[in-house]
Amino acid sequence: MAKWATFAVLLAIVVIMLGAWTRLVHAGLGCPDWPGCYGFLTVPQSESNIAIANARFPDTPVDVQKGWPEMIHRYAAGTLGLVVFGLAAYAVRNRRQGVPVKLPLFIAGFIILQGAFGMWTVTLKLWPQVVALHLLGGFTTLSLLTLLALRLRRQARRTGDREPPPSNALSGFRPWLYGGLLLVVMQIALGAWTAANYAAVACTDLPTCQGQWWPEGMDFRHGFDVTQHVGPNYLGGQLTADGRVAIHVTHRLGAMLVLVYFAALLALMWRRRGDSGLDNAIRLVAVLLGVQILLGLANVIFHIPLSIAVAHNAMGAGLLLSVIHLIWRHQLLLEPHSIPATHTTTMNQEVTA
């Protein structure tokens with residue numbers, strides 16, 4: 001089950017990257033219906049099928065090049081859903097053996113909600129509120145699957161390995177680590193809102209935006225208006241330029257805040273790490289944060305090339321997972337010393353909870 005959960009984590013990352021690719025090639029409405037494509041299981045390609053599809057949806061003629069990215073994303077997401085349901089079924093079937101049950105069932109329920117957001121993304125014509133929530137739902141699914149994989153891998157190792165002794169030197173960092181996680185989540189949310197409103201290209205220069213440190217006329221009220229009404233086709237966005245600039249600048253400021261916060265936090269943790277065993281976890285967060293900042297800069301400098309933009313999304317997921325991993329490793333330091341394998345009842349109760 002631990003191996004399947006790890007596979008689900010990797011597949012979730014692929015789904016997130018495919019979602020970014022679909023959005024960046026403007027294929028979010030490559031298929032105007034859901035879950036099929038113009039009423040077919042695959043993108044219609046023959047002349048007869050294209051004629052049928054165009055008759056069904058006369059306002060959105062078939063574009064095969066945009067239909068395939070959308071359907072590939074759906075196929076991958078559907079496969080992930082099947083894996084998640086399999087994990088939940090296995091957990092229920094083996095619940096008396098100490099396998100976690102609540103978390104797999106919650107993930108299975110959440111994946112259904114995520115599928116609904118995927119449907120609404122299409123049926124509501126890329127309504128920014130739904131698009132942003134769908135993106136956040138993908139990162140949430142990835143985070144939950146990562147927690148499940150960590151729990152299962154820990155349970156599999158616990159019978160033979162001894163856990164590191166408690167470390168009091170780093171005990172005071174817990175609230176700061178959770179604060180850092182909150183900042184990363186908020187920055188991802190800003191990135192989702194930036195993508196949903198096509199604001200990534202609002203500023204094309206560095207370190208200024210449109211030649212100004214604080215662009216005149218930025219409309220934050222319009223840029224962060226979450227009451228945009230349902231109806232228009234939001235492909236390409238409906239916000240004014242001033243609203244998009246406000247979103248972009250806010251995303252930049254958020255990136256600077258995350259960078260400064262983690263630079264200070266990781267430096268302090270590194271100085272006090274001792275023999276805690278957190279060296280690699282701290283390094284991983286630092287490296288991924290640095291790469292993510294560089295990818296963000298490259299997006300602006302090279303005007304959102306597809307490969308760098310997709311990598312920026314993937315690295316955002318990687319940064320989130322590295323912070324979760326660091327918190328997980330830190331949490332283990334604060335728990336009591338290794339529990340003997342003979343105490344299976346206590347262990348099972350803890351893991352199940």
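Here is a short briefing, grouped by topic. Please keep in mind that this is a predicted model. Its largest nonpolar core has 57 residues, and its largest pocket holds about 1300 Å³ of space. Helix H10 gives the most residues to that core, while helix H8 gives the most to the lining of the pocket.

**The largest nonpolar core**

- Within this core of 57 residues, those with the most contacts are Leu80, Leu145, Phe262, Met269, Val323 and Leu326.
- Eight helices each supply at least two of its residues: H1 (2–24), H3 (64–93), H4 (102–123), H5 (128–157), H6 (174–196), H8, H9 (279–301) and H10.
- The top contributor is H10, with 11 residues.
- Both domain 1 (1–158) and domain 2 (172–336) take part, each with at least three residues in this core.

**A second core**

- There is also a separate core of 18 residues, and Phe117, Val131, Ala132 and Ala195 are among them.

**Helix H10**

- H10 covers residues 306–333, which makes 28 residues.
- From its first C-alpha to its last, H10 reaches 41 Å, close to the 40 Å expected at 1.5 Å a residue.
- Because 21 of its 28 residues are buried, H10 is largely enclosed by the rest of the structure.

**The largest pocket**

- A total of 47 residues line this pocket, and Gln187, His248, His251, Gly296 and His312 lie nearest its centre.
- The elements that each give two or more residues to the lining are H1, H5, H6, H8, H9 and H10.
- H8 leads here, giving 9 residues to the lining.

**A closer look at valine 249**

- Valine 249 is found in H8, the helix that runs over residues 241–272.
- Is valine 249 buried or exposed? Its relative accessibility is 7%, so valine 249 counts as buried, the cut-off for buried being under 20%.
- Not counting residues up to four places away in sequence, valine 249 touches Cys203, Cys209, Trp214, Pro215 and Met218.

Technical notes
Residues are numbered from 1 along each chain as its sequence is written. This is a predicted model: local features need pLDDT of at least 70, side-chain atom pairs count only at pLDDT 80 or more; totals for chains, interfaces and linings use all residues. Side-chain values use heavy atoms; hydrogens and water are left out. Helices (H or I, at least four residues) and strands (E, at least two) are DSSP runs, numbered from the N terminus. Buried means under 20% relative accessible area, exposed over 50%, partly exposed in between (1.4 Å probe, protein chains only). Contact means heavy atoms within 4.5 Å. The expected span of a helix is 1.5 Å times one less than its number of residues. A nonpolar core is a set of buried Ala, Val, Leu, Ile, Met, Phe, Trp, Tyr and Cys residues joined through side-chain atoms within 4.5 Å. Domain bounds come from an automatic or database domain assignment. On a 1 Å grid over the protein atoms alone, a cavity is a set of points where a 1.4 Å probe fits but cannot get out, and a pocket is an open set with protein on both sides within 12 Å along at least five of seven lines; lining residues have an atom within 4 Å of a point. Grid points are joined across faces, edges and corners, and a volume is the space filled by probe spheres set on the points.
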